[in-house]
Amino acid sequence: MSVLYDLAAGFQVALTWQALLICFGGVMLGTFVGVLPGIGALAAISLCLPLTYYMLPVHGLILLAGIFYGAQYGSSTSSILLNIPGTPAAAATCIDGHPMAKKGRAGQALFIVTLSSFFGGCVAIMILVAFAPPLARFALTFGAPEYFAVMLLGLVAASTASPGSPVKGLAMMVLGLIFGMVGTDVTSGAYRFTLGYVELTDGINLVAMAMGLFGIGEVLSNLAERETPAPPRKGFSLREMLPTREEARSSVMPAVRGSLLGSWIGALPGTGPSIAAFIAYATEKRISRTPERFGTGAVEGIAAPEAANNASVQAAFIPTLCIGIPGDAVMAFMLGAMIIHGIVPGPGLITEQPDMFWGLVASFWVGNVLLLLLTLPLIGMWVRILSIPRQVLYPLIIFLICVGVYSVNSNVFDIFVAVAFGLIGFAMSLFKYPVAPVLLGYILGPLVEENFRRTLFISDGDFSAFVSSPVSITCLLLSLVALVLPPLLMLRSRRLAAARG
């Protein structure tokens with residue numbers, strides 16, 4: 001009953017007119033960003049972070065969270081209509097969504113993914129409400145060794161689970177750790193890696209780094225690619241979007257399974273909506289009696305991944321809010337945003353700031369309902385947005401990024417930092433290096449170092465303190481498995497390929 005009481009108190013925060021207006025703006029902006037191919041939720045969140053400085057902390061988090069899960073809703077539009085995923089997680093939707101559009105069933109596909117996304121989000125929120133308080137109580141028993149081990153697991157798992165080579169992911173994570181060391185050492189007060197610039201004594205600006213890597217870098221990468229296909233010239237009426245009874249029946253259980261899979265995967269450090277979507281798709285194809293239909297426009301192939309990626313986004317807040325461990329780059333940025341606002345994510349958040357925690361959770365319900373009510377009636381507007389010329393959109397994004405970076409500290413130096421990281425992000429995309437581990441390493445690196453030093457200080461330099469509890473031992477063993485397993489699997493696949501060849 002206490003959980004229901006706390007949730008009711010959260011709705012008192014989330015249903016104020018200010019919170020409703022901010023949540024509406026967040027989900028609308030998130031949907032807009034998701035519809036546009038190649039922009040990404042992280043670029044929009046980093047762009048809007050300076051705006052939250054003028055809001056109450058809970059309102060700022062509602063805005064940023066709304067952009068995050070709103071982008072998942074909108075990303076399916078370009079996936080189905082253009083075969084171009086608005087976000088990486090929507091790539092699984094392209095496999096069957098675009099074939100449905102070619103068959104003249106684009107409206108039905110958009111209707112099914114919207115309802116599946118809503119259902120997946122609701123399931124994950126219920127799991128968050130049920131498991132967040134006990135998980136936070138368990139995390140209260142953590143000391144410095146446990147936090148070090150859990151954060152190390154999050155870093156290693158997120159890096160090795162990145163698309164492409166695990167070695168490249170680990171290398172980018174280490175690069176992020178190096179960037180995180182720039183500034184003043186908390187223990188000794190010495191300057192580290194500042195290159196003589198006074199502006200770097202407080203470290204690299206988080207907003208400038210994120211906007212550069214995921215904003216300017218993505219814009220440059222998209223400009224280097226070929227022109228996108230032309231979108232449809234008109235939207236769809238609600239009558240045209242209604243699926244048949246057979247399509248509706250076939251999408252129910254895949255959405256249920258996708259929601260449960262996405263909630264479980266999203267709550268794990270180092271995963272994220274992309275992994276959840278593809279695992280849900282692969283699961284549906286494996287258990288289907290007619291797997292040959294997948295890839296040709298199967299309803300199950302769009303319902304499961306869409307439910308999974310939206311459930312994963314909502315469930316990703318469980319470790320971030322309750323333990324202070326982000327699961328992916330977006331949640332790492334959200335963690336950084338909380339710290340900037342003076343919020344300490346972790347087990348103490350629920351007990352010390354219950355209005356903020358439960359107000360944010362209640363806003364998830366409000367945001368998902370708003371998205372359901374807005375996505376279907378406004379589908380014609382989202383279709384027309386796809387026709388915005390890139391030569392108009394991308395310069396405007398660059399301009400807003402520069403304004404946003406400058407507004408944080410009123411310092412031109414931060415704009416040069418953003419441009420430098422934009423060039424780094426562009427170079428990384430050219431050579432197929434994952435960008436997300438850099439941000440994870442940058443944000444978690446100082447926390448890992450702090451808990452590492454604290455453990456050694458408490459134990460008087462005894463390294464056995466890192467294996468003094470079951471939690472730390474388990475996390476360290478899992479980190480070792482995450483390091484060793486990908487190379488072994490890659491070696492095995494190469495041997496099998498050589499044997500077949």
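Figure 1. Among the contacts in the chain with a separation of 6 or more, 79% are made by residues 24 or more positions apart. The model shown here and in the views that follow is a predicted one. The chain contains 22 helices and two strands, and 55% of its 501 residues count as buried.

Figure 2. Ala337 belongs to helix H15, which covers residues 329-340, and is buried, its relative accessible area being 0%. Leaving aside residues up to four places away in sequence, Ala337 touches Leu49, Leu64 and Leu206. Pro57 is 280 residues from Ala337 in sequence, yet the C-alpha atoms of Ala337 and Pro57 are 9.4 Å apart in space.

Figure 3. A side-chain pairing of Glu284 with Arg257 forms a salt bridge in which the closest N and O atoms are 2.8 Å apart. Because Glu284 lies in helix H12 (residues 273-287) and Arg257 in helix H11, the pair ties together parts of the chain that are 27 residues apart in sequence. The two partners can be described by their accessibility: Glu284 is buried, with a relative accessible area of 3%, whereas Arg257 is partly exposed, with a relative accessible area of 30%.

**Figure 4. Aromatic pairs that involve Phe148.** A search of the whole structure finds eleven aromatic pairs. In one of them, Phe148 and Phe452 form a tilted pair, with 5.5 Å from centre to centre and 50° between the planes. This pair links distant parts of the chain, since Phe148 is in helix H7 (residues 144-160) and Phe452 is in helix H21 (residues 436-458), 304 residues apart. Phe452 counts as partly exposed, at 29% relative accessibility, while Phe148 is buried, with a relative accessible area of 11%. Phe148 also pairs with Phe466: the ring centres are 5.0 Å apart and the planes stand at 55°, so this pair, too, is tilted. Phe466 lies in the loop between H21 and helix H22 (470-500), 318 residues from Phe148 in helix H7, and the pair therefore links distant parts of the chain. Both Phe148 and Phe466 are buried.

**Figure 5. An aromatic cluster and a charge over a ring.** Phe68, Tyr69, Phe317 and Phe364 are linked by ring pairs into a cluster. In a separate arrangement, Lys168 lies over the face of Tyr433, at 4.8 Å from the ring centre.

**Figure 6. Salt bridges of helix H21.** Five salt bridges are found when the whole structure is searched. One of them is formed by Arg192 with Glu449, whose closest N and O atoms are 2.9 Å apart. Arg192 lies in strand S2 (residues 191-192) and Glu449 in helix H21, so this pair ties together parts that are 257 residues apart in sequence. Arg192 is buried, because its relative accessible area of 17% is under the 20% limit for that class. A network of salt bridges links Arg192, Glu449 and Arg453. The side chains of Arg454 and Glu450 meet in a salt bridge, with an N to O distance of 2.5 Å; Arg454 and Glu450 both lie in helix H21, four residues apart, which is about one turn of the helix. In an α-helix there are 3.6 residues a turn, so residues three or four places apart point the same way. Arg454 counts as partly exposed at 39% relative accessibility, and Glu450 is likewise partly exposed, with a relative accessible area of 38%.

Technical notes:
Residues are numbered from 1 along each chain as its sequence is written. This is a predicted model: local features need pLDDT of at least 70, side-chain atom pairs count only at pLDDT 80 or more; totals for chains, interfaces and linings use all residues. Side-chain values use heavy atoms; hydrogens and water are left out. Rings of Phe, Tyr and Trp (its six-membered ring) pair if their centres lie within 6.5 Å; planes under 30 degrees apart count as stacked, over 60 as edge-to-face and the rest as tilted. Buried means under 20% relative accessible area, exposed over 50%, partly exposed in between (1.4 Å probe, protein chains only). A charge sits over a ring if NZ of Lys or CZ of Arg is within 6 Å of the ring centre and within 35 degrees of the ring normal. A salt bridge is a side-chain nitrogen of Lys or Arg within 4 Å of a carboxyl oxygen of Asp or Glu. Contact means heavy atoms within 4.5 Å.
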